[in-house]
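Here are my notes on this one, as promised. Have a look at the structure first, then read the points in order.

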Amino acid sequence: MPINTCYGVSTSADPVRAVAELAAQTGSTDKDGLLFFCAPDVDLDAVGRELARTYTCPILGCTSSGHFSPEGSHRSGVIGVAFHGGGLRLRTFLISPLSGSEEEIARIADEIGARAEAEPHLNRFGLLLIDGLSMAEEKLVATLYQRVGNLPLIGGSAGDNLKFERTCVYADGHFLSDAATLTLFETVHPVATIKTQHFARGDVELVITEADPERRVIREMNGEPAAVAYAEAIGLTIDALTPAVFSRHPLVLTLSGEPYVRSIQRVNADLSLSCYCAIDEGMIVSIGNALDPIRTMKAAMAKLRSEIPQPAVVLGCDCVLRQLDFQQAAIGRDMSRLMAANRLFGFYTYGEQYNGLHVNQTLTAVAIGG
């Protein structure tokens, strides 16, 4: 029995109308679940109430820095995909507050383990959505992955269009900060996950000589103020450092031969650098070398299709800095068309999760067979 999907898009700023338009396109009854993403500048309290009032199925979602569907990319309004049939089941766990969540994670792990033991024939994965300003992603995703065990995990950090003011996840009719949701997907159909990026380790290396790991702040690199060392490494002045520049010249950390991007968020008044991802003193990072984004994306989608030739849905979490980079390179529309052609549905994030890691400037995705 196939999994049926219905997509909806509303660009209305009016929360009642936006949810009504979404429901008209996706249907609001006889559904097994709804995944949605919304712009941060809508009335979130009203959207939350309307979603809870309109839909009778499990609902999960968060604020975004833009979102995408098979119909293309959008920066405003609300998008959603509703699932029906095919035996797909969704179970959402709320984790809030994020500090001191070990006991809740243990409870979640026990329930998931019990479900897997009771029905070992089902395929499962977890979708993690988390407050993108919490700076709690690394610990949370690592602890979840370790405690839950043998469960593919992808996810994204909620955004707010680069305002860095308030990012929220949805749970039970409310939008919450200092919170995360882990949704367990269970199905008889096959599932496959991927992680892709378009940066490799570069030749220019920098050593983090002073840092504040708890706040993800690099104070010094190579013994110089971090912004000074970074600007010198890429041949620009400090005044020229912008989010677009950071998206084109990220820091890359190499672990076990695999590159992982550590994106810069902003330059601070003391010339330190705030990052989207974990950093620490003594780390050796390089200025990333860009690969062909279109080619790497096509290769990733081909790999996914080799495992799931006819997916019912492909859910993706794509870093907002990748979008900025593509716009600067004048390939934004090409990338949007490529994503739509592969029926990707998801949002632009402040960071991505893949199994036990929190990463940057990466697309993480999962395909569910039809």
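1. Start with leucine 315. Beyond its neighbours within four places in sequence, leucine 315 is in contact (heavy atoms within 4.5 Å) with Leu35, Phe83, Phe125, Ile154, Phe185, Phe345, Thr364, Ala365 and Val366. Keep in mind that this is a predicted model, where local features need pLDDT of at least 70, side-chain atom pairs count only at pLDDT 80 or more, and totals for chains, interfaces and linings use all residues. Residues are numbered from 1 along each chain as its sequence is written, and side-chain values use heavy atoms, with hydrogens and water left out.

2. Leu315 belongs to the largest nonpolar core, which has 29 residues; Leu35, Phe83, Leu127, Phe185 and Leu315 touch the most other members. A nonpolar core here is a set of buried Ala, Val, Leu, Ile, Met, Phe, Trp, Tyr and Cys residues joined through side-chain atoms within 4.5 Å. Buried means under 20% relative accessible area, exposed over 50%, and partly exposed in between (1.4 Å probe, protein chains only).

3. Which elements give two or more residues to this core? They are strands S1 (4-10), S2 (33-38), S3 (59-63), S6 (78-84), S8 (123-130), S24 (311-319), S25 (344-349) and S28 (363-369). S24 gives the most, with 4 residues. Helices (H or I, at least four residues) and strands (E, at least two) are DSSP runs, numbered from the N terminus. Another core, of 26 residues, lies apart from this one and includes Phe68, Ile294, Leu338 and Tyr350.

4. Now the sheet. Six strands form an open sheet with mixed pairing, in the order S7-S12-S8-S9-S26-S27. (Two strands pair if DSSP finds at least two bridges between them.) S7 (89-95) and S27 (357-359) stand at the edges with a single partner strand each, so one side of each has no neighbour in the sheet. On average, neighbouring strands are turned by 20 degrees against each other, direction ignored. Axes are lines fitted to C-alpha atoms, for helices over the stretch in contact, and angles run from 0 to 180 degrees between N-to-C directions.

5. With 7 of its 8 residues buried, S8 is largely enclosed by the rest of the structure. S8 pairs with S12 (residues 180-187) in the antiparallel sense over 8 bridges; leucine 128 stands opposite leucine 182 in S12, and isoleucine 130 has alanine 180 as its bridge partner there. S8 and S9 run parallel, joined by 5 bridges, and leucine 129 has glycine 156 in S9 as its bridge partner.

6. Leaving aside neighbours within four places in sequence, leucine 94 is in contact with Glu104, Ala171, Leu176, Ala179, Ala180 and Thr181.
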